Amino acid sequence: MRMHIQNPAGETLFPVTPAQVAAALARHPEIGQPVISYADDDAGFAAAMAEAEVLLTWTRVVKARFPVGALPGIAPKLKVIACTSAGLDGLSPFDWLPPEIVLLNNRGAHAAKAGEFALMSLLMLASHIPYFGTQQRAESWSKRFGSTLAGRTVCIVGLGSIGGTAAKHAKAFGMKVIGVRNSAQPHPHCDEVVTTAALDTVLPRAEFLLLACPLTPETRGLIDRRRIGLLPRGAKLVNMARGAVWDQDTVCDALEAGALDGVVTDVAVPEPLPAGHRLWRTPGMLVVPHVSSDDPATYNDDTLDILFRNLLAMRAGQPAPNRVEPQRGY
C-alpha cells in the first residue's frame, strides 16, 4: 500500500509527522509496512499522486487540489481520501468525488476534548459566566446568582461522537437529557430521543440547547427565529456545530432583549470573525475561535488510529466506519 500525507504549507500546530505515523503503525502492526510519503508543497503532492492509493490530508487541501473533473486523472491509483476533520461540509456537494474513491472523515477524534468543552460551557452558562464577562468589560460589579446543573433540562441536537459524549457528561451531572437526531432510536445517555422533525415539540422544555450536529442542507438554518421563540425565556445556548446551523442575528437579538440568558459559541459566520462584528459585542455572548474540539497532544494520534481501523475494515471486506456518504453530507 502506498500512502501519501499532505500537510498544508506552513502548518506548525497539527502537522502529521513520521514519528506519529511510526507510533500508529506500531499500535496497528496488522497494517504492515506501507510505503509512505510526506509533502507540504506542490511538487511533492504532484509526485506522490502518480502512485498514491491512500491520501491523508486537510479538507482545505482536498478542496484546493481536487476541483470537479480532476479525479481520477491526477491520481489514477487513488482509492481512499482521508480527511483530518469530522465535518466535511466545506467539500459539498461532492461532485468532485468519483464513486470508486472512498472518502473518510475522522469522526471520533474529537469526542473527549469536545465533550469536556460542552460540559464546561453548560457549567459556565449555569453560573452566568458570559454575563459576568460582559460586566467585567464594563467594569460593573453586578451580581447574578447561578444554580447547579442537576435537575435541569438540556436538549442536544446531534448525537454523534461529540453530542453523545456531551450527553454522557450532562447525565453524570444529573441533567435531564433530550437528544435530537435523524432517528428516534434510544441513546444510552439520553432520557428521551426525538427526530429532527419533532424538534419543535421539545424546544419549549430546553433550558439549555446544545448544537452538535453536522452542517447539511437539512440542518442549515435549523435554529431560526421561530425556533428561538419556542425556547423558554432565559434559555441558554451552546453552538459546537457550525455557524450556519443557527440564525446569528436572531440569537443576538434574543440576548439583547433578555429572551436568552447566555450563549457560548465555538463557531461563526464568517470565520474568522472580523473586527467590529456583532457577535463580539453582544452582551452575554462568549465567542470561542473554533478550538473546542482539537487537542494538539492527541489529535493526530487519534486520527491515524481511526484511519488505520478503517483501512483494516476495508481490507477485510467490511464497511469503513468513517466513510462519508455524499448524499447525506457526513
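Reply: Helices (H or I, at least four residues) and strands (E, at least two) are DSSP runs, numbered from the N terminus. With that in place, His277 sits in the loop between β11 (260-265) and α10. Residues are numbered from 1 along each chain as its sequence is written, and side-chain values use heavy atoms, with hydrogens and water left out. This is a predicted model, in which local features need pLDDT of at least 70 and side-chain atom pairs count only at pLDDT 80 or more, while totals for chains, interfaces and linings use all residues.

Me: ok, is His277 buried or exposed?

Reply: His277 is buried, with a relative accessible area of 18%, where buried means under 20% relative accessible area, exposed over 50%, and partly exposed in between (1.4 Å probe, protein chains only).

Me: and what is His277 in contact with?

Reply: Leaving aside its neighbours within four places in sequence, His277 is in contact with Gln248, Val269 and Pro270, contact meaning heavy atoms within 4.5 Å.

Me: Switching to the sheet: what is the strand order?

Reply: The order is β8-β7-β6-β9-β10-β11-β12, in an open sheet of seven strands with parallel pairing; two strands pair if DSSP finds at least two bridges between them. At the edges are β8 (192-195) and β12 (285-287), each of which pairs on one side only. From one strand to the next, the twist averages 15 degrees, with axes taken as lines fitted to C-alpha atoms, for helices over the stretch in contact, and angles running from 0 to 180 degrees between N-to-C directions.

Me: how many bridges join β11 to β12?

Reply: Three bridges join these parallel strands, and Val264 has Leu286 in β12 as its bridge partner. Helix α9 packs on the sheet, where it touches β10 (235-239), β11 and β12, and its direction makes about 140 degrees with that of β11.

Me: which residues have the most contacts inside the largest nonpolar core?

Reply: They are Val157, Leu199, Leu209, Leu231, Leu237 and Leu260, in a core of 34 residues. A nonpolar core here is a set of buried Ala, Val, Leu, Ile, Met, Phe, Trp, Tyr and Cys residues joined through side-chain atoms within 4.5 Å. The largest share of this core, four residues, comes from α9. Not counting residues up to four places away in sequence, Leu199 touches Cys155, Val157, Val180, Leu222, Ile223 and Arg227. There is also a second, separate core of 26 residues, which includes Leu122, Leu125, Ala170 and Cys190.

Me: Leu122, then. Where does it lie, and what is it in contact with?

Reply: Leu122 belongs to helix α4 (residues 111-126) and is buried, at 2% relative accessible area. Beyond its neighbours within four places in sequence, Leu122 is in contact with Leu149, Val154, Ala170, Met175, Phe208, Leu210 and Val238. The C-alpha atoms of Leu122 and Lys236 are 8.3 Å apart, although 114 residues separate the two along the chain.

Me: Ala170 came up there. Which residues of α6 are buried?

Reply: In α6 the buried residues are Ile162, Gly163, Gly164, Thr165, Ala166, Ala167 and Ala170, and what covers them includes α4, β6 (153-157), β7 (176-181) and β9 (208-211). Just after α6, Gly174 takes a positive phi of about 85 degrees.

Me: last topic, charges. How many salt bridges does a search of the whole structure find?

Reply: The search finds 19 salt bridges, each being a side-chain nitrogen of Lys or Arg within 4 Å of a carboxyl oxygen of Asp or Glu. One of them joins the side chains of Asp42 and Arg65 at 2.7 Å, N to O, linking helix α2 (residues 42-49) to helix α3 (residues 59-65) across 23 residues. Asp42 is exposed at 55% relative accessibility, whereas Arg65 is partly exposed at 23%.

Me: which residues are linked in a network?

Reply: Salt bridges link Arg225, Asp249, Asp253, Glu256 and Arg278 in a network. Within it, Arg278 pairs with Glu256, the closest N and O atoms being 3.0 Å apart. Arg278 lies in helix α10 (residues 278-281) and Glu256 in helix α9, so the pair ties together parts that are 22 residues apart in sequence. Arg278 counts as buried at 18% relative accessibility, while Glu256 is partly exposed at 46%.
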